[in-house]
Amino acid sequence: MTSGISRRARVLAAAAGTGVLVPLVAAATPAAAATPAVTCTSAEAGLAAKLKQDISAALATRKGTVAVGLHDRSTNTTCTLRAGTAYDSASVVKVTVLATLLWDAKKTNRYLTDRENTLAKAMITKSDNAATSTLWKQLGMTKIKGFLTAAGMTQTKPGANGYWGLTQITVTDEQKLLKLLTAKNTVLSDNSRAYVLKLMGQVVSSQRWGTPYGVPSGVTVAVKNGWLQRATNGWRVHSVGAFKGGGHDYMITVLTHGNSTMNYGIATIQAVAKVIHKDLAAS
């Protein structure tokens, strides 16, 4: 009978004779290298280092898996954490649904109908699920995928069988969408962009948590949040927001799962948002 210990000894002895390093220790401790770090760049001296430090500190004691995206046009500042990690979208996808509706209407040079306006307003300002399901079904997968292609949102995978809340989203693509909504482009008309931002600015007070937390006075806020509990990875809690004023023009996306409760996820997002708003305001 050969024990595991003697086998290890033989491997080491064989390696010693050939000069080959056997990575037995390295293989046993891969965890340290697996934790991604916040990365930031900025045209403004010192801002990237400050944001990296403060976002990292805000997340240091938080459980769950958190992805972060920040882009400020004014200082050409970008921060990312797990930008390509996929999350179940929950209600954050509703902004994509409205953008798709407007993109499709623009192609045939038509305005939204009164019915579509009513559904869109309920979907964004109150996060109405029935309104979302109606618009999702009306658009169909071909149009939704068509918009994602036009928007360059290549990492977003629409939920199958009508389950729009299980659409796979990433920080990278949510930031692309926020950038489309907040600057002139060929995908969405100026009127369409203004319409989406107006509704995101009229979200009911009980749903205005998340990325707007700690926003300085005088800065305009457009927000959409999502929350969903599933058997695996606990609560998904997400927040996307666009902010303008105080010399800045910026977008924040925070996606989370593995939260024990919805409120725990909200607290994590708000810890990140608070330091971002503070650091940008001071820059």
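## The nonpolar core

A nonpolar core is understood here as a set of buried Ala, Val, Leu, Ile, Met, Phe, Trp, Tyr and Cys residues joined through side-chain atoms within 4.5 Å. Buried, in turn, means under 20% relative accessible area. The structure described here is a predicted model. Its largest nonpolar core has 76 residues, and the members that touch the most others are Ile55, Leu98 and Phe147. Helix H5, which covers residues 93-107, gives the most to this core, contributing nine residues. In soluble globular proteins, nonpolar side chains tend to be buried together.

The surroundings of phenylalanine 147 can be listed by residue. When neighbours within four places in sequence are left aside, phenylalanine 147 is in contact with Thr96, Ala99, Thr100 and Trp103, and also with Met153, Leu177, Val187 and Leu188.

## The disulfide

A disulfide is a covalent bond between the sulfur atoms of two cysteines. A search of the whole structure finds one such link. The disulfide joins cysteine 40 to cysteine 79, with an S to S distance of 2.1 Å. The link between cysteine 40 and cysteine 79 is right-handed, with 115 degrees about the S-S bond. Because cysteine 40 belongs to strand E1 (residues 39-41) and cysteine 79 to strand E3 (residues 77-81), the pair ties together parts that are 39 residues apart in sequence.

Are the two cysteines buried or exposed? Cysteine 40 has a relative accessible area of 16% and is buried. Cysteine 79 also counts as buried, at 1% relative accessibility.

Side chains of opposite charge can pair when their charged atoms come close. In this structure there are ten salt bridges. In one of them, the side chains of arginine 230 and aspartate 88 meet at 2.9 Å, N to O. Arginine 230 lies in the loop between strand E6 (220-229) and strand E7 (235-245), while aspartate 88 is in strand E4 (residues 87-88), so this pair ties together parts that are 142 residues apart in sequence. Arginine 230 is partly exposed, with a relative accessible area of 36%, whereas aspartate 88 counts as buried at 9% relative accessibility.

Aspartate 104 forms a salt bridge with lysine 143, and their closest N and O atoms are 3.2 Å apart. This pair links distant parts of the chain, with aspartate 104 in helix H5 and lysine 143 in helix H7 (residues 129-151), 39 residues apart. Aspartate 104 counts as buried at 11% relative accessibility, while lysine 143 is partly exposed at 33%.

## A network of charges

Which residues are linked in a network of salt bridges? They are Lys50, Asp54, Lys278 and Asp279. The side chains of lysine 278 and aspartate 279 meet in a salt bridge with an N to O distance of 3.4 Å. Lysine 278 is partly exposed, its relative accessible area being 45%; aspartate 279 is buried, with a relative accessible area of 5%.

## Aromatic rings

A pair of aromatic rings is described by the distance of the centres and the angle of the planes. The count of aromatic pairs comes to three. A ring also takes part in an arrangement with a charged side chain: the charged end of arginine 62 sits over the ring of tyrosine 264, at 3.9 Å from its centre.

Conventions
Residues are numbered from 1 along each chain as its sequence is written. This is a predicted model: local features need pLDDT of at least 70, side-chain atom pairs count only at pLDDT 80 or more; totals for chains, interfaces and linings use all residues. Side-chain values use heavy atoms; hydrogens and water are left out. A disulfide is a pair of cysteine sulfur atoms within 2.5 Å. Helices (H or I, at least four residues) and strands (E, at least two) are DSSP runs, numbered from the N terminus. Buried means under 20% relative accessible area, exposed over 50%, partly exposed in between (1.4 Å probe, protein chains only). Contact means heavy atoms within 4.5 Å. Rings of Phe, Tyr and Trp (its six-membered ring) pair if their centres lie within 6.5 Å; planes under 30 degrees apart count as stacked, over 60 as edge-to-face and the rest as tilted. A charge sits over a ring if NZ of Lys or CZ of Arg is within 6 Å of the ring centre and within 35 degrees of the ring normal. A salt bridge is a side-chain nitrogen of Lys or Arg within 4 Å of a carboxyl oxygen of Asp or Glu.
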